[in-house]
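Hi everyone, thanks for making time. Have a look at the structure on the screen, and I'll talk you through a few bits of it.

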Amino acid sequence: MRRRSLLLLSTVAIIANAFPAFAEDIEAVVVTATRTEQPLAKTGESESVLTGSTLQDLQTVRLTDALALTPGITVDEAGGLGQPTAISIRGAESGQTVVLIDGVRINDPSSTDDGAILGDVLANNVDRVEILRGPQSTLYGSDAIGGVVNIITKRGGASPFGLTASAEGGSFDTYHFNAAANGTVADVDYGLSANYIHSNDISAADSRNGNPETDGDGNLGFAGSARWHIADSISVDVRSYYTAARDDFDDNYPPPNYTVADSAAYNSNRLFAGYAGINADLFDGMFENRLVIISTHSARAFYDSSSDDIHLNYDYAGNTTRFEYQGVVNIDPLSQITFGAETQTNSFRNDNFGANLYFSPPKQSGRDHISGYYLQAQKTFFDALTLTGGVRFDDHSTFGSHTSVKAAAAYDFGEGTVLHANYGTGFKAPSLYQLYSIYQNPVQTLSPESARGWEAGVDQTVLDGRLRGSLTYFERNTRNMIGFQSCFVSAPPPACSDPETSFAGGYYYNVGRTRSTGVETELAATVTETITISANYTYLDANDQITGLALTRRPRNTFSATANWTPTSNWGLGASLNSVSSEVDEYSGLTPINNGGHTTVNVFGHYDFDQWSIYARVENLFDARYEPLLGYGAPGRAAYVGVRLSE
């Protein structure tokens with residue numbers, strides 16, 4: 001134990017004295033906080049930015065690996081590459097975060113909680129990723145009471161054609177290919193990308209528990225966007241996103257213990273998203289307009305589950321059609337009004353082909369519709385104080401009307417000091433799966449989740465911008481949060497006497513009240529012209545206010561650090577560290593079952609010559625052995641090497 005502690009301290013010391021900074025300059029321009037371009041310092045929000053160059057330096061394959069290094073985010077993975085993956089922002093559920101790729105929501109209406117299938121999202125041709133923390137329903141509606149992750153890809157360029165391509169291979173028989181093209185041809189800006197990854201990977205069920213079978217992954221993806229400038233003030237946008245993945249996994253079966261063990265099970269996930277819109281900037285840009293239609297289709301299938309005895313067990317399909325209008329009135333350089341209207345229809349279908357129909361009837365389906373209208377105003381006074389206020393009205397086909405509000409303030413004292421604060425409310429309707437699957441509540445219809453949250457903090461820059469730090473306190477209170485009640489307990493609730501519920505083994509219910517409070521700190525420093533470091537720490541206290549019990553899978557302490565050393569323009573070395581404290585993974589009655597924490601270190605480097613770059617990395621350098629979720633395994637030490645072409 002002492003040796004491990006010394007090793008960890010040595011690693012932290014190396015990082016603290018040697019190495020891309022995640023904390024962007026507070027003057028960085030962001031678009032997610034207000035849905036318009038604004039300096040981050042004026043938004044009054046807590047927002048992190050991962051640039052494309054940062055992702056390239058880290059050699060990020062799965063986007064969630066980079067998200068795990070940002071403040072306030074925890075990542076839960078049920079095994080290795082391609083396995084079910086969820087993120088939590090400040091203790092919120094995964095389905096309470098909106099995930100966008102080029103303005104298209106990829107939240108899946110056929111998933112259990114409307115969460116995005118993040119295990120299949122790879123990093124390719126990314127310009128930047130903006131992570132907005134806290135309730136954001138005013139501008140983003142239902143599903144955004146935890147936050148927003150906005151992935152923005154590259155489009156356009158100074159030349160008609162620019163190419164970036166890479167190929168890498170390494171541990172677990174992994175090979176990975178990326179290609180992207182960007183450019184401007186006449187009046188058209190475009191960006192295209194494709195990627196493929198294959199890995200035999202580790203056993204999803206922890207191999208230390210006697211599970212030697214590997215669970216491989218294959219993932220093919222495409223993305224594209226183009227903007228045609230029809231006239232000086234009018235343009236047309238088309239965007240698309242497609243991913244197809246096949247992942248082996250291990251069942252947690254049979255009840256009541258649901259022990260994770262090797263099985264022949266695998267799944268296929270497909271997602272297609274399309275976007276078409278027109279933009280019109282009128283009165284010399286004073287009045288900006290955007291009108292779009294967005295459509296997404298997801299298809300997921302499960303095969304050879306240990307709970308069934310035929311090949312194709314379950315087939316899920318989700319569809320979303322969405323219309324958006326947004327208007328922006330630029331009254332003057334310091335005053336802006338943003339307003340809009342949105343309408344969205346969701347549907348899901350689940351077909352059960354199992355021979356024993358154990359978990360669900362042959363067919364399940366559901367549908368809902370929601371329309372929303374929002375208004376936001378922003379004004380800067382005395383070139384120092386920026387105030388933002390907004391209101392939204394939503395009308396849901398099942399749950400009626402809801403009003404959300406937002407208020408934010410940022411005060412720039414000069415000399416690099418910015419105070420910021422905000423308050424927001426929001427709601428999230430139950431997912432179609434929660435409402436219409438066999439796990440629906442047998443006693444009463446679920447109520448929407450609602451949240452109110454606030455935060456206050458300070459950002460400070462000193463030494464001519466070479467050292468930047470921030471400190472933020474946050475709090476979010478949620479009512480009617482939806483949880484799952486198992487009937488396989490010593491004293492099952494009366495609702496478990498319902499025959500269908502007893503057959504299913506549990507049901508969804510409204511927990512009551514939960515509360516998450518915490519502190520986020522960030523530090524970024526340019527130590528020398530060649531050395532940069534960054535670090536962040538989050539303290540989180542998330543509890544059920546009725547029982548007083550800690551919420552599951554919410555670690556109290558998380559710490560991340562990254563560093564880069566670039567002694568010359570053509571080569572560099574770096575390292576990252578991610579440390580997660582122990583957490584309650586689940587409960588046996590009222591008895592918590594804890595999952596121990598873990599610390600992992602990655603190292604990476606590259607050498608550039610002409611248009612080529614050779615790069616390599618080692619993940620989990622010290623071969624930490626842990627279960628990210630109880631019963632599931634995590635990859636040990638792994639090494640990869642690749643080559644990249646840029647022209």
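This is a predicted model: local features need pLDDT of at least 70, side-chain atom pairs count only at pLDDT 80 or more; totals for chains, interfaces and linings use all residues.

So, what share of the 647 residues in the chain is buried? Buried residues make up 55% of them, where buried means under 20% relative accessible area, exposed means over 50%, and partly exposed is in between, using a 1.4 Å probe and counting protein chains only.

Residues are numbered from 1 along each chain as its sequence is written, and side-chain values use heavy atoms, with hydrogens and water left out.

Okay, the overall picture. The chain has seven helices and 35 strands; these are DSSP runs numbered from the N terminus, with helices being H or I of at least four residues and strands E of at least two. The radius of gyration is 24 Å, close to the 26 Å from the globule rule for 647 residues, so the chain is as compact as a globular protein of that length. That radius is taken over C-alpha atoms, and the rule is 2.2 Å times the number of residues to the power 0.38. Along its principal axes, the C-alpha trace spans about 65 × 55 × 50 Å.

Now let's zoom in on strand S19, residues 363-381. Strand S18, residues 335-352, runs antiparallel to S19, with 17 bridges joining them. Strands count as paired if DSSP finds at least two bridges between them. Phe-381 stands opposite Leu-385 in S20. S19 and S20 make a hairpin with three residues between them, and Phe-382 in the turn has a positive phi of about 60 degrees.

Leu-375 also sits in S19, and this residue is partly exposed, at 45% relative accessible area.

Last stop: the cysteines. How many disulfides are there? Just look for cysteine sulfur atoms within 2.5 Å of each other, and the count comes to one. Cys-487 is joined to Cys-496, S to S 2.0 Å. The link of Cys-487 and Cys-496 is left-handed, with -90 degrees about the S-S bond. Are these two cysteines buried or exposed? Cys-487 is buried, and so is Cys-496.

That's me done, thanks!
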